[in-house]
Protein chains: 2
Amino acid sequence: MTRRPRIRDVAELAGVAPSTVSVVLNDTAGARVADDTRERVRAAAEQLGYAPNSLARGLRTQRSSTLAFISDVIATTPYAGQLIQGAQEAAWGAGYLLMLVNTGGDTALEEHAVRALRQQQVAGALYATMYHRVVSLPPVLDGLPTVLLDSRPADGETTFVVPDEQQGAETAVEELVAQGHRRIGFVRDRNDGPAVDRRLRGYQEVLARHGLAADPALVVREESGSAGGERAAGVLLDSAEPPTAIFAFNDQMAIGVYRAAAARGVRIPDDLSVIGFDDLYVVSAELTPGLTTMALPHREMGRVAARALLAELDGADPVGEQLVACPVVRRGSVGPAPR
Amino acid sequence: MTRRPRIRDVAELAGVAPSTVSVVLNDTAGARVADDTRERVRAAAEQLGYAPNSLARGLRTQRSSTLAFISDVIATTPYAGQLIQGAQEAAWGAGYLLMLVNTGGDTALEEHAVRALRQQQVAGALYATMYHRVVSLPPVLDGLPTVLLDSRPADGETTFVVPDEQQGAETAVEELVAQGHRRIGFVRDRNDGPAVDRRLRGYQEVLARHGLAADPALVVREESGSAGGERAAGVLLDSAEPPTAIFAFNDQMAIGVYRAAAARGVRIPDDLSVIGFDDLYVVSAELTPGLTTMALPHREMGRVAARALLAELDGADPVGEQLVACPVVRRGSVGPAPR
DNA sequence: CTGAAAGCGCTTACAG
DNA sequence: CTGAAAGCGCTTACAG
């Protein structure tokens, strides 16, 4: 394997100085080079298969073309890939590569990793969490342009990109209302958090918008897994006035709703409509009937975040909250309200 | 934000030359530096929070400390994270960072990405596919130390790391035999491929080992999704002599087996034991009863691959096939054979 | 035992 | 319009 050509090789072949090669290949603004010289340089570069050494360029320009993608628990979620994919697409568009680090939530390790990333002169960082929550940026990140992905900063001006939870919830409940449902239950996580708070608000908003009673008995708090969803749906279905539709905080809880319905001979969507949130693909598509749900726009979020970061590297100011809309994915679990 | 300290700053503070700082901080072999000088240098570096610029070091030493992680379809599989996580763990241990690129299977894009990676002087590459298959390495990778992850090279000496499919299948079927099952069905993918071939071999191996008849009617080919699994299991369950246990090629097909059983009033595990493959977590844990299955050791595979690559960077020869064992994950779908 | 010099591969003022 | 020089921040022979 012969070594990669350097700029000097191109210069010699073209019969010019290395600086001329640099100017030509970079299309340096305000530099005047004769057309035939340009041509010779280009041909020489092409012939040798020359591609500049990014390390040398980064050292000289004091600006690398890599972005850090730091995440807490990439390993255990099927979403991470989409976030990365989106970020990568936007980064590539601008000639940046992603350096990936997964911290597993370990602070010491995170600090170590960020240090290594900074030694590599990353231009900026995307700091991603695997679900929408509030975080404090670690001090090692100080002074490095950073955009938060799927989380909100505890304080500061940082740009952060999150799903539009409220719009998602509104869309979901509108979907049910449009089918004639008037009593709609909400099966929610036991804990508060940015996601559940906003989804609840969206739910309430739509009920109010349509003049539907906001019966507190229709909102049941439970653990956020399928077992919790099953218990919560059981409470609703066994009540004196059961809802004809249930909006589940997430797809895992929706699985539980399916189970509670099956156990009671309640058919979906004939007797009960169900709509979930997250579009946890392997789950939502495999249920019978398929689960209609709100997709978390991870790929688009990744894109938006990378674009915002790139803009900041070009001198733009942080822009705070960036909401990305959640689209509905219609499968078979929503039907007309039974009369 | 003040700029990062350079080696010269440390040298000035310690009252020595930059070269001495380098020698001390890198513990350069064969260099003799007085203990108190060492001490002063260390203290100065500590005080300034000095960390060497990896770009400059890489340029000078002609050796970067980044590895490329190139994958085809990270976006759509929940496994990718584990692969990356494992690779990262091993890479970090050796002071390397991962540069990630997902090609989406687009060759032109892949070529472009690999070029960019090489411009960044990555020391080597991990080339990952999202399921076990045969690949040809793209020419752009020529001359760059590369290890294949979850795929086998069409030719060449390349090191490649794959799950031990046959051991996994043997373990699965032994699990059933140990529970007294004598008629065991195998619900397999319609297409051939390294994974299904080896799983079939493992299945046959165990039957032979225990002197059980290898009835060809017990092996049913179908599409590899849940619908295929359902049809295949239907064939087995409706046959004159139905099996008491079914080994499914993968968890998706196992879902179908569950459905076929439910549709016929066949109870799992009382009437029928089921064992899957892949441990597609969201699926296998959410079924009722939970699916007993063989886990794909993605994290460990990532680790093994990164370690092998690092070894090659240190001059070791490629080692060809590296098998990583698949452990069984016991949930509730395997029980004693009905009498 | 320590320092001065050269050089990795680029880019960017600055001469001419 | 083009080239020579300096320098980004390191490390590594080589003097002394």
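Q: What makes A:Ser19 and B:Ala56 count among the residues around DNA strand D?
A: A residue is near a strand if its C-beta atom, placed from the backbone, lies within 6 Å of it. In this predicted model, 26 residues are around DNA strand D. A:Ser19, B:Ile7, B:Ser19, B:Ser22 and B:Ala56 come nearest. Local features need pLDDT of at least 70 and side-chain atom pairs 80 or more, while totals for chains, interfaces and linings use all residues. Residues are numbered from 1 along each chain as its sequence is written, and chains are lettered from A and ligands numbered from 1 in the order in which they are written.

Q: Which elements supply the surface near DNA strand D?
A: Helices are DSSP runs (H or I, at least four residues) and strands likewise (E, at least two), numbered from the N terminus. α2 (18-26) and α4 (54-61) of chain A each supply at least two residues, as do α2 (18-25) and α4 of chain B. α4(B) gives the most, with 5 residues.

Q: How many residues of the surface near DNA strand D are charged?
A: Asp, Glu, Lys and Arg count as charged; Ala, Val, Leu, Ile, Met, Phe, Trp, Tyr, Cys and Pro as nonpolar; the others, Gly among them, as polar. By that scheme the surface has 5 charged, 9 polar and 12 nonpolar residues.

Q: What relation superposes chain B on chain A?
A: A rotation of 180° with 0.0 Å of shift along its axis does so, at RMSD 0.1 Å. That is the relation of a two-fold axis.

Q: Why do the copies meet through the same surface?
A: Because 100% of the interface residues of chain B are also interface residues in chain A. Contact here means C-beta atoms, placed from the backbone, within 7 Å. The contact takes 39 residues from chain B and 39 residues from chain A. On the side of chain B that touches chain A, α5(B) gives the most, with 6 residues. That side divides into 21 nonpolar, 16 polar and 2 charged residues.

Q: What makes β2 of chain A and β2(B) a pair?
A: Two strands pair if DSSP finds at least two bridges between them. These two have 3 bridges, in the antiparallel sense. A:Leu98 stands opposite B:Leu100 in β2(B).

Q: In what sense do β9 and β10 of chain B pair?
A: β9 (residues 273-278) and β10 (residues 292-295) pair in the parallel sense over 4 bridges. B:Asp278 stands opposite B:Ala295 in β10(B).

How values were computed. Least-squares fit on C-alpha atoms with pLDDT ≥ 70 in both. Contact = placed C-beta atoms within 7 Å.
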